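Biologist: I'd like to learn how to read a model like this one. Could you take me through it feature by feature?

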Amino acid sequence: MSVTLANILRLPAFAGAQVLTGASGLENEVGGISLLESPDSIQWTSAGDFIITNAYFLKNTQENVVQIVRALAEKGASGLALKLNRYWETVPESMLELAASLSFPIVSLPFQAAPAQLINAVVYEVMHEEFHMAGSQFVEAFLKELLFTEFDPALMQKKARLIGFLPHGNMGVMLAWPQQGLSPEDMRKLVAPLLQPGEYALIHVSYLIVTAVIPPETPDRMQLLAEALLHNTPEPAEGISCHIGIGRASADFSGLSNSHYEAKTAMLLAHTHGETIMAFERLGVFRILFDAKNIEALKLLYTETIGLIEKTDAEHNTEFLATIKTFLQQSGSIRDTANAMYVHYNTIRYRLKKIRDLIGIDLAREESHLDMSVCIEYHNLLHLQEKLP
């Protein structure tokens, strides 16, 4: 699979670039990048070169600028990118018309685009294509490093600049866990047409990861993307086609792994509650309890309560965990719990006493119910997590 001009223009380094003409040539293959500083430079152009220029020589050249386009197209260049509003205000209409007839894209670069960043971005994209990393896979490898490894923020900033990955806006993560026989690759194909520049779909074993730069003008971009993905997903005869979790956006690279953790938590909660989409920021009290800053305290509470209950059930064949779950579902009614579990009223009273002796929590006290509900929710997440890497 080759790198096309369309692939290149989706790289973060080219954010804000506009195709002025020749859009039918966006599938032209890109094999490299060259600076055009004078008409003489054209003779060294190779097939597949993406040509960039600041247009300085064009304002004073005696050459017919239309012929420059023709010469580049004949050389097999993939397209021409130039900066306007500095040396050149507009591109002549005759130049645009010829480029359109030749399916030769002319692209207007954003004023802040630095040539070094553009060159690095294209070179790395093409280089990794030669190693069978198609499209924007090099950026994807960089994103996986951000998501799953501990890193030096300063070093990652340098890497980002080197590959031209300079997102303008906060970054967030959305996860989709396919169900009903769908695969993560199926989900990636479904989401691909929905992605905008700066958005990437990655597969991590059993679920899909979407990272996106969140523009200030569309803070709900991830929610809209999730809804669009769900709309594109075939509806099963019964059940749910996928569970989607959305993490909060972060202003820097160091927060992307936390957004992934939040998205994963929301996705697992969506599964346990039979929901399709859950956003971490809309989890209410669970947003506080499952916040990464509080997770160690939650783990300790779980270990001392439900974790101990589960261990006792396994060792002594008791039904304490099932009793706690049913007791909470029945709003703390011993009689309704006994009826739901098909046991005697005194059996439930006995179990509740043994549970109190074991973990030091009296379930007859209503204030204990929230602690137990949170721990059971965490217990459900832990068991679901075993199905995920």
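Biologist: What does the protein average in pLDDT?

Modeller: The average is 87, and 95% of the residues score at least 70. Some ground rules: this is a predicted model, so local features need pLDDT of at least 70 and side-chain atom pairs count only at pLDDT 80 or more, while totals for chains, interfaces and linings use all residues. Residues are numbered from 1 along each chain as its sequence is written, and side-chain values use heavy atoms, with hydrogens and water left out.

Biologist: Next, the overall build. How many helices and strands are there in the protein?

Modeller: You'll find 17 helices and 10 strands. These are DSSP runs numbered from the N terminus: helices are H or I with at least four residues, strands are E with at least two. The radius of gyration is 28 Å, well over the 21 Å that the globule rule gives for 389 residues, so the protein is more spread out than a compact globule. That radius is taken over C-alpha atoms, and the globule rule is 2.2 Å times the number of residues to the power 0.38. Along the principal axes, the C-alpha atoms fill a box of roughly 100 × 45 × 35 Å.

Biologist: How much of the protein is buried?

Modeller: Of the 389 residues, 47% are buried. Buried means under 20% relative accessible area, exposed over 50%, and partly exposed in between (1.4 Å probe, protein chains only). As for contacts with a separation of 6 or more, 70% are between residues 24 or more positions apart.

Biologist: Show me a helix. Why is α14 described as largely enclosed?

Modeller: Helix α14 covers residues 320-329, and seven of its 10 residues are buried, so the rest of the structure largely encloses it. The buried ones are F320, L321, T323, I324, T326, F327 and L328. An α-helix has 3.6 residues a turn, so residues three or four places apart point the same way. The buried residues of α14 pack against α13 (306-316), α15 (334-341), α16 (345-359) and α17.

Biologist: And the loops around that helix? Which angle does N317 take, not being a glycine?

Modeller: N317 has a positive phi of about 60 degrees. N317 sits in the loop between α13 and α14 and is exposed, with a relative accessible area of 70%. S331 counts as exposed at 65% relative accessibility.

Biologist: Now aromatic pairs. How do I read one?

Modeller: A pair of aromatic rings is described by the distance of the centres and the angle of the planes. Rings of Phe, Tyr and Trp (its six-membered ring) pair if their centres lie within 6.5 Å; planes under 30 degrees apart count as stacked, over 60 as edge-to-face and the rest as tilted. By this rule there are five aromatic pairs. One of them is Y302 with Y378, edge-to-face at 5.3 Å centre to centre and 75 degrees between the planes. Y302 lies in helix α12 (residues 295-304) and Y378 in helix α17 (residues 368-385), so the pair ties together parts 76 residues apart in sequence.

Biologist: Are those two tyrosines buried or exposed?

Modeller: Y302 counts as buried at 10% relative accessibility, and Y378 as buried at 9%. Together with F286 and F290, they form one aromatic cluster.

Biologist: Where is F290 placed?

Modeller: In the loop between α11 (285-289) and α12. F290 is buried, at 1% relative accessibility. Leaving out residues up to four places away in sequence, F290 touches Y261, T265, F280, L298, V374, E377, Y378 and L381. F290 and E262 are 28 residues apart in sequence, yet 8.2 Å apart in space, C-alpha to C-alpha.

Technical notes:
Contact means heavy atoms within 4.5 Å. pLDDT is the predictor's confidence in each residue, from 0 to 100.
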